[in-house]
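I have a model open on the screen today and want to jot down what I look up. Here are my notes, in the order I made them.

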Amino acid sequence: MSTWRQFARGLRVLTNRSRSDQDVTDEVQHYLEQTTAAYIERGFSPDEALRSARLELGGVTNVREQVRGYGWENVVDTTLADLRYAARRLRAAPAFTAVVVLTLGVAIGANSAIFSVVDGVLLRPLPYPHADRLLMVWEGDRNSGTTREDASVPDYYDLSNGNHSFTAVGAFEEQPLTLTEAGAEPVRLVAGTVTRNVLQILGVAPRLGRGFTAAEDTPGGARVAMLGEQIWRTRFGGDRAVIGHVIRLDDQPYTVVGVIPEAVAFPSEHTDLWVPLQQGPTTTPRYTHKVKVIGRLRPGVTAKAAQLDVREIAQRLEAAYPANKGRGMTVEPISTVLFAAVRPSLLVLLGAVGLVLLVACANVANLLLARAMVRQREVAVRTALGATTGRLARQFFTESLLLTLAAAVVGLVLSALGLRLLLAMAPADLPRAGNVGINATVLGFTLVVAIAVSFGFGLVPTFSALKLDLQHILRTGGRTGSADPYHRRLREALVIAEIALAVVLVVGAGLVVRSFWTLRQVDPGFTAQNVLHASLELPPARYPQSYDIYPRWTRIAGFYDQVTQRVETIPGVRSVAFASNGPLDPGITNSFTIEGREVEAARGQAEISTRLVSPGYFVTIGLPLLRGRLLSNTDNADAPMVAVINATAARQYFPHQNPIGHRLNFWGQWREIVGIVGDERFHGLTEAAPAAVYTPLQQTPAASVTLLARTTGDPALAIGAVRRAVENVGGELALFDVGTIQQALSGSIARQRFTMLLLGVFAGVATALALLGVYGVLSYTVAQRSGEMGIRMALGAADGDIVRLIFRRGAALVVAGLCIGLAAALAGSRVLAHLLFSIGTTDAATYAVASVVIAGAALGASYLPARRAAGIDPAVALRREY
Amino acid sequence: MDEPNTDVIQGTLDMLILKTLSLQPMHGYGIARRVEQISRGVFKINPGSLLTALQRLERAGWLDAEWRQTENSRRAKFYSLTRTGRKQLGVETDEWTRRAAAVARLLKSEG
């Protein structure tokens, strides 16, 4: 079989159809003539000969069509003809086409948009080779139940040397560093402080230059840095000569030795550069937990084996060191770490938007059925003329494909626009948000969805055509008056499905809304209004912070005092404070002991959240004093060491005693408890407040702090003045992370808000579509049964009776849909469990409200056609029917 | 035209056409008559099937087609065998002979 000849011949036909047709006609004609001549030779008369010849051929037209119909070009021809025909029919019904394309377009667009987000955030593989072999190793505290704790540096070294499961284990933390350049504003960068093997563990090569050497990653080693590709391009012009360049970070010179590829984004997307960790097995105490640990599994070793391995190591450490009492170790794949927070919400949203698409499809299917009814006559005629079901089906599929492809184009345009909006609304901590966009995968997804949908739609009129009673239709002219129970049942079934889906979405949205509402009502423990926050880092060069003179960091203490005084004088500022971490920042935890309970401590040391604060902290953020006294200015480095604990700590550790006067020990120092303050929620609104201790900054100074200021009016207005005050005292200091506590609070529940808004929109759209469906199907019923209504009215039925008749039909649909929907919602709401805060998935109130809302709306939608039924003029109705 | 007859020899229609044309170029009607003649009326080819088959064989490259003028200045399409067509004829003949022999053996074994 010569493919080329096949192709060429077909092409020749396509390009000159009339010529090819003529050829076929001529050939068949010639055959006919020869046959006729043969008959004449046998003695037939010319007429008889021609007739016999025609009979022998079996019909000239038939033969011609048979010959003409051979070849691939005919498939192309019919497809093109189908397309032209479909386009013509759709143009002839602009309202129908517009409604369908818009409904589907919006639904498909929404699906594409959500899928883009899911694809960019979740589906795209991580930029590290064999990322599934990368595990985080967390420490956990059995006593306080925490599981994702940082490790201490000595623990890291023991893990690194003693494990059997990893090819390499690295440690890292994040710290801010201020970059100062001559003639430019100081800028705060986020640095990843990493052990030198992190590059190898991740499996990436530097974009430029090299990683850190062993000599550089030792205590006291040379100050070197690797720039992130992003800042290399923006701040250093992408110049390859940056290697060897010296930059000033925190007033210290650092030599650039390499550039990290952009995709690496480690430890986080905000990381601007890397510096070596420069720690050793004994440089920091075992009770200071400050590093995170990451390891790459050895080939052939499973995560489970690694889990057992690290657990054993933790047990050994626990037996050997008192500082490790109660500390276990666990492993977790990094993908879980990165996505665990957002995966449930995104998947729920994807499911929900899929349901919206189903509702839209049901609506469109109903419209198609209605249209199929109208086209009954056309279909009947075509069938009578010889069209096979297959041919008709192809025609219908072409039409529905055209519709859905048009809808898909509209949808993609909408989703491109909508994505921008979506990303703007999305929570700031959405990982890999930069990956989200309309790319090839999304286009492919949209195409697949469109084709699947069109396939479903093509089936609708096809089945409708199969059920036609040809004779009846041709005789009566295809009036829709012929009550076709099959169609009615199908349309009603579709509407019931729509209602059920809408119920599921409304229940889901309702649960999420209620959950969000409850979340918003949670008391954070502090007063969030009118407090501004700004963070800063005091560079060691100008503000000595060495441990030999700790806690007498006089220059730092002086800085806090002066800035506090200046800021207090700003009009509108009511109180000022400094804190190692502001509200909603969990900060650090420390192991501690209570005086007199050292024996207990030997069994398992607990961790307590620690905040280092200036005396004004409690007033500034509104933490009430419950007992004893607050910290004051007299609690300085020369005075006795004191601390204030929160209500949870008092409850947990001094259940039936007065904690005032007791002493606790951390960081090798005994401190007397002088007061109890109210709880503040350290880990956001969703988690209860942990046990916490507050110590005065004068006694436990920190160089990295957050400034807090309570104002009488809008705190944002005071920011400029605060900056100036800091500048006046401290000179060149970068203020970062500036905002109001209210914003931070709002931001902390951004993800829940986002999910709620989207689910609400989806539920609303689905309900609207379902209502349209109810209205549509009842109007259809009324039109269909207008004759029957006419008879009833002629026989004496009152308006009310007619209304009730139709209304009951509507109610039946609504009840059916409601029952199915509620059952489905009960079964399916389990998927929401992760997203809900203090609301169960079977919260009765939500289900009740959802039912009432949908039932009410749907019944309202039924009322209009019912009223219209009552308005029928019986005379007209009867005449129309017969 | 005898539908059942042609259907039975569906697979062999190609072979019959190729064989007929191996002797001389012919138009469709001529081929039909020749086959009918030589097979003594056993094979009556349906015109529609024949003309479609001729198209198919032409596209496959086994036949060449050429328009010629007839006596009453009409056009007639004449087909001739190509070199590859001749080869194909050989292939199909061998195949047919093999099959026929096998059937003959089967029939004989039963008797």
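This is a predicted model: local features need pLDDT of at least 70, side-chain atom pairs count only at pLDDT 80 or more; totals for chains, interfaces and linings use all residues.

I began with contacts (heavy atoms within 4.5 Å). In chain A, 81% of the contacts with a separation of 6 or more join residues 24 or more positions apart.

Residues are numbered from 1 along each chain as its sequence is written, chains are lettered from A and ligands numbered from 1 in the order written, and side-chain values use heavy atoms, without hydrogens and water.

Next I checked burial, where buried means under 20% relative accessible area (1.4 Å probe, protein chains only). Of the 882 residues in chain A, 51% are buried.

Then I looked up the nonpolar cores, meaning sets of buried Ala, Val, Leu, Ile, Met, Phe, Trp, Tyr and Cys residues joined through side-chain atoms within 4.5 Å. The largest has 144 residues, and Tyr128(A), Leu202(A), Trp274(A), Tyr617(A) and Tyr694(A) touch the most other members. A second, separate core has 34 residues, including Met26(B) and Trp62(B).

Beyond four places in sequence, its contacts include Pro583(A), Arg611(A), Glu680(A) and Tyr694(A).

Last came overall dimensions. I found that the C-alpha atoms of chain A fill a box of roughly 135 × 75 × 55 Å along the principal axes.

Notes: Buried means under 20% relative accessible area, exposed over 50%, partly exposed in between (1.4 Å probe, protein chains only).
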